[in-house]
Amino acid sequence: MDIKILAPSLLLFLAFQHCSSRPCLDPLISPLYASSFHASSRYNFFYSAHFAKLYGSSGWSPSPRDRQPWMQIDLGRKYRIMAIATQGTFNSYDWVTKYMLLYGDRFDAWTPYVMKGGNMTLPGNWNYYQVKRNVFHYAFTAKHLRIYPMGWNTENGGKIGLRVEFYGCPYDSYVMQFEGDDMVAYSFPRGRMRTLQDHYALNFKTLEKDGILLHSEGLQGDSITLELKTGRLYLHISLGSSTVHNTNGMTTMMLGNLLDTQHWHYVTIKRYGREVNFTLDSQTETAVLNGEFQYLDLDKQIYVGGVIEKDVPHLPGKVNFRGCMENVFINGINIIYKTQYQEPEIRLAPKKPMTFAGPNNYLQLPGFFRKNRLAVKFKFRSWDYTGLLMFTRFADELGSLELGLSEGQVNVTLMQPGNKRLRFAAGYRLNDGFWHTVDLTAKDNLLTITIDEDESSPLKITNPFMVRTGDRYFFGGCPKTNNTARCVTKLSRFHGCMQQIFIDDEPVDIDVMLQRKWGRYAEILLGTCGITDRCSPNPCEHEGRCIQSWNDFLCVCNNTGYKGEVCHNLQKSWTVIEHNRMKSTKVSGSTMDRPYIGDLQYVNASWDEVTALANTSLYCEQWIEFSCYKSRLLNTPHGRPYTYWIGRHNESHEYWGGAFPESGKCGCAVNQTCTDSKYWCNCDADYRQWHSDKGYLSFRDHLPVRRIVIGDTNRTGSEARYSVGALYCHGDRSIWHTIAFTKPTYLTFPTFKPGTSADITFHFRTYRTNGVFVESSDDHLRNFLRIELNSTTEVIFIFMVGDGIRNVTLRSPKPLNDNEWHYVEAEINVKLARLKVDFLPPAIHKFPGQTYITMKFTQPLLVGAANHTLRPFLGCLRGLRMNGVPVDLEGKVDERTGIRRNCTGACLNASIPCRNGGQCIDGYASYACDCNNTAFDGYYCHLDIGGFFDVGAWLRYDIRKEPISFDAWWANFWIEPHWHNFTLGYNTTTDDIEFSFSTLQAPAVLLYISSFSNDYIAVLLKKDGTLSLRYRLGIISYKFKLTDRNMADGFPHFVNITRHNYTIWTQVDYMDPWIEKLIPGEIPRFDSPKSIFLGRVMEVGGVDYEIQRHNSPGFMGCISGVRYNIFAPLKAYFRPNVTNPPVTTQGYVVESNCGAFPPVLGYVPWEDDPWFTGLFFYYIHDDVTPPWMTRKFTVTLILLSCFKAYIALFFIPDRFAPSS
């Protein structure tokens, strides 16, 4: 029976939610909005309930006049609660020492949490800052939580103060409502169930003191019954009685009292052999069952909610259950879940059908067998175009008769063996939602059908056929499992209403039929006609035409100029530019070394004009198609591409139509429809048959397509064809209004009045993890919509427009707070709510068929934050449109309130810019410097990280443990073939080296970079103190003189070396750079860098003689700020950010900035450095070192430093003296 049949009296499914398999310890309070918190009172606004979040900056305190204070939390849905954590009010003497916790699924019905031993008071805090966590000894489910403080700190003027967090996880809730004449019977798969161990679990609540919850029995005397009796819960279980030993196997266990309080109770029965654990909420009873048997043998079925069989409305002396049950599990099987999906093992108490409302509905009625006259009459109403009205099979294998609704007419189909099938239609537009009568009579060689009792025009058919009535008539559809082939049809199920059914001139009394157990049915509602007119009033906008069916409606938007589910979205005006490669072009004989190149020549537009169109348009797309016969495309998943396309900036792109930018895939990989799942393109399977990869390229910044390069058609039988569609663009980005939010604030605009449909579009960019973009609401937040960035990867469209708070969440595989522009499109109408971000698949929340939404907002439209400046957005917005109307954001620019024109944040006018190549991370209200790819540290990347190397000391930084393969090198080059790309940690055609040093001793090897080949880079300090650069790239060695001055003078010196392809720029001490050129030829690349050496070269294997001459005795002095591309060896050694940094040292190497070159921009003042903590500071730890000891230790350090400097003044210079 359909769930809808049971809706009035038996089944009410309240919620169906997915529960994750992760540990059930999610924080539940921190994500909630202020509207979820309620309290009996508050001390003042700053102690309101919504400030009571753990680790918050305030807390909840009630009014001193409140005699029974409480705080209440609405979780928004049902959760499984595992633990609670509390704190006092921040930085105060206010905390709760003990409290009572109540929970429930309604805000007006509560159940107290009871600890072990029966105590309902939980221990609280002893100060304001430490967290007190209580783990519940039994988990419970709740939507609402209430806390009653029972004791609090009163010293030093203390009062009630509370911050709280609950931990748990979402809870799957499948609920049934029983009215006393209902039941569910679960049939055992093999007709019986024999178990050594059992696990039964269910939740229930009721106002009745008596009722059967579970019952089953076996033919051998085994039984199990769970029942309420006088408000107590009884378990009766028997594994069988023995007549030989005169043993009664029945065992009764009892738990609880006063269980008829309409609160949820949790029941668990666990049995292994004769041992049973019976649990009710927090109480557990253990028993050993009577008798000597171990197995429980049950036959046929188990009843839930009572026993209702033929002539047995209930068990003798028992009453059926009245109330609600949730998640009834029988040995891991959720009976309510199976009931929801109408699984065949489930049998329900019969109800009276009238409305055919389900996907598998049907009604089977008995008839008089082997009569020579057939008569059927009934009334129906429906919106559907097609559906089965009636089917019957004649006796004696004489064929069948079918009545069906098709295109608004009643079709009659008569089939008999040996005769031609007869088919004819009657009536017109009978799917108009009104009642229509069908009256059909048939006898040998004559059939008459009358529609709407119009006796003046009956349809008569006189053909040779025989009529012998069968014993079954099917209305509305055929049974899903129809092994006897009694009902066979190609028509869909009928959805609508029927009444006044007559069979063989006898009225069908449904009540009598049910009492006598005549007939069968499924998914039918009795006593009501549930038809709804969804086209009145017309939900289609702009004069769209509404067409409806039983459970949905469709808007026909032809000739309106609009499109979408309700004709709301204005159709776009496209600009189309064609070119010379739109027809299929054949390619053969091409290789990777000698590829085919197909240039696109656009018609009536120059290349600059075409790129300008794409650059200024809001959206562009271009179709691309590659057909192949043993010709590979992208060579996925990890090979070098054979075919690619070149776009706007002459950049090569390795993705194909229908895939995401730079994904290296074709559209079939995104849709998971590739011919061979091992590959990401159909053509990469390399089959000897024709396949194709095609789809739209829609990343506007890469369009238009300029060139196609194809390189795998030279093998025997290989062939390829390609075509590129015209460039389609629409929209105009020049009208964008762009602003930046640099302070927590919001803009106000006139009230948004969308009617029954709304669409909102805009672009954003930010570094922040959350913030509200747009909010529109009424006075009491009973009607609102909001779009916000909820986390680094989630954008949420939240709304309450008629049926509670709903949200649509779009989760991105990549962070959205990457300070790049992202496009957001949100839409809501009576059919669905949709959210789209960039080119990701949209997130859609479909509404039920009879949804009515109300968007009557009264408050101003807020942009940049929610009301009261909650969850402010810091970043940039542009191109905001509400229902297609641009919003003038730039007209609200006000630097004083933190609204700037264009997308400029704190990095634009930074008081102290990031130093030494540090990247400025714009927080818009503030900024930070990312020093990860530099050799420096500090808030502004201004602190040198250097070291002092004693004679013979050295440091090695391992770049790689093994040489890079050619495929990996090619993949690194192919992803973004630009000189600044360091996907593998370096770029083989680009070197960037910088460091500073000071020494008095020469010669020395300052820096040496080895490779897995013979390539190397070395910076040498020669014996005369001059600097020399040595390069070996392939078979050619290069020598460059960096300076003529003596650099071994004890002063710091700065060295910078940059190479790109053939050109080398060198600079010493920020003097004018020198430019050197390498020998032209193949682009030189530094092959597989291996290690970086400082102080001395300790490479295994051959080292050039020139390097060995300068390698002994080794560098002695200071070196600082060493960086090769993105590798900083000294930073990795002195500031490791991994457990085992790839650094090896030997000898005396200590951190020192003695080699740091004075910064060009000057030193950062102490007062502007957030990391500066003063010349002296106390070191505070758990052992609480006394201040006097810290001061004494500091003085000792100063004395030791002075002594060391004194020693160095007299002894060190001799060691720095040049050797003879």
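**View 1. Aromatic pairs across the model.** A pair here means Phe, Tyr or Trp rings (for Trp, the six-membered ring) with centres within 6.5 Å; planes under 30 degrees apart are called stacked, over 60 edge-to-face, and the rest tilted. Bear in mind that this is a predicted model, where local features need pLDDT of at least 70 and side-chain atom pairs count only at pLDDT 80 or more, while totals for chains, interfaces and linings use all residues. Residues are numbered from 1 along each chain as its sequence is written, and side-chain values use heavy atoms, with hydrogens and water left out.

**View 2. F356 meets F494.** These two rings sit edge-to-face, 5.7 Å centre to centre with 70° between the planes. F356 belongs to strand β23 (residues 355-356), while F494 is in the loop between β33 (472-475) and β34 (496-503), so the pair ties together parts 138 residues apart in sequence. Strands are DSSP runs of E, at least two residues, numbered from the N terminus. F356 is buried, at 2% relative accessible area, and F494 is buried too, at 0%. Buried means under 20% relative accessible area, exposed over 50%, and partly exposed in between (1.4 Å probe, protein chains only).

**View 3. Y939 and Y940.** Here is another edge-to-face pair, with 4.9 Å from centre to centre and 80° between the planes. Y939 is partly exposed at 26% relative accessibility, whereas Y940 is buried at 6%.

**View 4. An aromatic cluster.** Y103, Y113, F136, Y138 and F140 come together as one cluster of aromatic residues.

**View 5. Arginines over rings.** R146 lies over the face of W70, 3.8 Å from the ring centre. In the second example, the charged end of R786 sits over the ring of Y33, at 4.8 Å from its centre. To count, NZ of Lys or CZ of Arg has to be within 6 Å of the ring centre and within 35 degrees of the ring normal.

**View 6. A sheet of seven strands.** This open sheet runs β78-β77-β76-β71-β80-β69-β82, with antiparallel pairing. At the edges are β78 (1074-1077) and β82 (1149-1151), each pairing on one side only. From one strand to the next, the twist averages 25°; axes are lines fitted to C-alpha atoms, and angles run from 0 to 180 degrees between N-to-C directions. Inside the sheet, β69 (residues 946-949) and β80 (residues 1117-1124) pair antiparallel over four bridges. Two strands pair if DSSP finds at least two bridges between them.
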